Amino acid sequence: MMRKTLDRKLSRRKFLGTTAASGAALAATGTGLSRVSFAAADTIKIGFLAPLTGPVSAWGKPGLDGCLIWADWVNAKGGVKIGGKSHKIEFVGYDNEYDAGKARTGATKLIKEDGVKFIMMLGGDTWPGVEKIAAREGMLFSTLLPSDLTPDTKTLVAPCEVHPIYNVTGVEWLAENKKNLKTAAICAQDDALGKPSVATYLAAFEAAGIKMVDAPLFFDPATTDFAPVMTKLLAKKPDILCLDTCYADYVHPLCEQAFQQGYKGQIISCTADFYQKIVEKTSKDFMEGFVFQFPDFDDPALNAKEVNFVNPNEFYAEYAKRFGAKEWSAVSWEYASIMDLWADAAAKAGSAEPGPVLKAMKAGGTGKHAFGDAKWWGKELFGIDNALVGNWPVVVIEGGKAKIKAFKSIPAWWDKHSKLMIKHMTALGQMWNQR
Amino acid sequence: MDLLWQTAINAMYAASYMALIAVGLVMIFGVMGVINFAHGELYMAGAYCVVFLYAQEKFPFLLSVAGGLIFVGIVGLLMERALFRPLRKNPLGGLIASIGFLLILQTLAVFGFGRRMGHVPPSTHGKIEIFGAILTYQRLFVIVVAILLLAALWTFLKRSKFGWALRACAQDAEAASLQGISMNQTARIAMFIGAALAGVAGALTAPLVSPTPYIGHSIIVTAFIIIIVGGIGSLEGAVIAAVLYAFVHTFVTTFFDGVIANIVGLALMLAVLVVRPTGLFGAKERA
């Protein structure tokens, strides 16, 4: 068929001629592009090294999507001003598939081949693959999981999410507002994300006077059938079902199982990504009062003057327009908020180089966190003050929609209950000197 | 007592879909001598048929499940023709080809449905109570369909000419060939049935799991444990091992935890291999 078409419409000479012309045009385009790139030598590249595929991609890909919006907005205004000169920002993504080995390869490529000035990561199980490269190259990295921090990780900062410490705010709010809740059961996947979060929830429940009905239930991350997990969790009839920091792929079936096995009590979870789909699978009534920690950014409460994230409602609207509101996840805004902090620090430092930016970022021991002014903290828990801690929102599902109910202070909780946190972190082997 | 019943019901459900997958894997290995590493991805393909037909295109659930069965069966036929037949004399070649095909299926799923989990609303919220334990209609449906399909397969294999041909090929392909049984024909039937069983398992369970392009990984590991315990090549062994594994795994998960359950599952396989290296029903009662 194709040959016939060729015979009928194109002579061999014509075909070769057209191909050559196309090739030349492409080459010209290529040259043009590299000239544009060369002219835009002022472009600063930022690495995005996170899971973009696989079960943990819900905490990587939406973050990169959010960063692209951030870059478009910043670049449309001329870029980031550093040392009196405007610089466009370009993100270079690398999918580490939540694998330490792939993270190592990605970090090497981003630093050596792409020449990035800063690398954002999800962290967790992937950080050990990158740690030595970060130390050797002096590259500035960020993580969403401050449990990656140790006294040796001098160029790693956790400037946005103080996971899992902010989970204490949800439990504290629950204890203040639903005083009838006295017992809880908790489950988590058995990995670097699940365990420190379990320790945090255990500390928060103990501080709130809520008793655990059973030891924490850890399940294999390869689990697909959650019926036995839920049967065990509900066996001792807890008032609160705590889903810890389970990935979205687990939170959904766990909620569905709780619904199917007739649970009618309170649920608390670190995240509830794509919660509209959980509502569809269960019911509005079942999900009413579900407490978690990550707001939709169309929430009017984010327009409070204390909130530092720039134009949260507009950001959410743009995200929903580009990717769909149902694709909004816990991390859609987080990496973008880290970029706010980085851009501010680079402007102050007058340089995009990792060392001066880090110094400017931590100057004075305080920083502008997305949810309000915060302080660099973490020595007692992580051995280094590289986590930016302040207020964190408590979010509740009401009528099928997430709403911020309060902003609670993490440092205030820490001042009262730090010993409990250290006790439970130590018991689960999650202190920096145990990991 | 409620807890015991609930755990038993959970185990019955797990045994049902695991048996479908394991029997399909055994069919393919028994007749064609190929270890099909892409079997977990055939399960995934069945699940995505329901994501597409039922969740996206709003076809009735039963029709979508039937669609999954037929579609994945046809994928099996294509695998037989394009991958396994040319490599019939090279068992290692079939295995490697199936690994390659696994990656192709995963990539196609990512292209077609994205990287994140597929969302399948339940076809019903109905449930019944049995001695204080809850069994949803969705899970009951999986159990009933699995029993019916396995009974139909058993009847087909024991009572029909094609079934005899399949069993003959599984016992001795050369002798069967000398009796005038077409190897190509039996391989086609075995591949269609084996793939369709994995596909229907995925389709039936799609509303109960979160289908992702990578869900096949955990499924194939469990399926291999089951067919090793049951005896590679034994259909009866696969069914009994699926029930045994599902009950052990579910009870240990409920009364201890999921990580220990996996260790116990592997220990069960090791124990069977030490005591009876051919598996519970291996060699003695091949398909």
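**View 1. Helix α8 of chain A against helix α10 of chain B.** The crossing of α8(A) and α10(B) is right-handed, meaning that the near helix is turned clockwise from the far one by less than a right angle. This is a predicted model, in which local features need pLDDT of at least 70 and side-chain atom pairs count only at pLDDT 80 or more, while totals for chains, interfaces and linings use all residues. Residues are numbered from 1 along each chain as its sequence is written, and chains are lettered from A and ligands numbered from 1 in the order in which they are written. Helices (H or I, at least four residues) and strands (E, at least two) are DSSP runs, numbered from the N terminus. The axes of α8(A), residues 227-234, and α10(B), residues 235-255, come within 8 Å and cross at roughly 30 degrees. Axes are lines fitted to C-alpha atoms, for helices over the stretch in contact, and angles run from 0 to 180 degrees between N-to-C directions. On the α8(A) side the contact is made by A:P228, A:V229, A:T231 and A:K232, and on the α10(B) side by B:T250, B:T253 and B:T254. Two residues are in contact if their C-beta atoms, placed from the backbone, lie within 7 Å.

**View 2. The side of chain B that touches chain A.** Here 29 residues of chain B are in contact with 30 residues of chain A. Elements of chain B that each supply at least two residues to this side include α1 (2-32) and α11 (258-275). The most comes from α1(B), with six residues. By class, the side of chain B holds 12 nonpolar, 13 polar and four charged residues. Ala, Val, Leu, Ile, Met, Phe, Trp, Tyr, Cys and Pro count as nonpolar, Asp, Glu, Lys and Arg as charged, and the others, Gly among them, as polar.

**View 3. Helices α6 and α7 of chain A.** Helix α6(A), residues 167-177, packs on α7(A), residues 194-207, at an angle of about 30 degrees, with the axes 9 Å apart. The two helices are therefore roughly parallel to each other, a term for angles under 35 degrees. A:N167, A:V168, A:V171 and A:E172 of α6(A) meet residues of α7(A), among them A:Y201 and A:F205.

**View 4. The two domains of chain A.** An automatic or database domain assignment gives domain 1 (44-164 + 305-389) and domain 2 (167-292 + 394-427). Their C-alpha centres lie 27 Å apart. In contact are 19 residues of domain 1 and 23 residues of domain 2.

Technical notes
Parallel < 35°, antiparallel > 145°, perpendicular 65-115°, else oblique.
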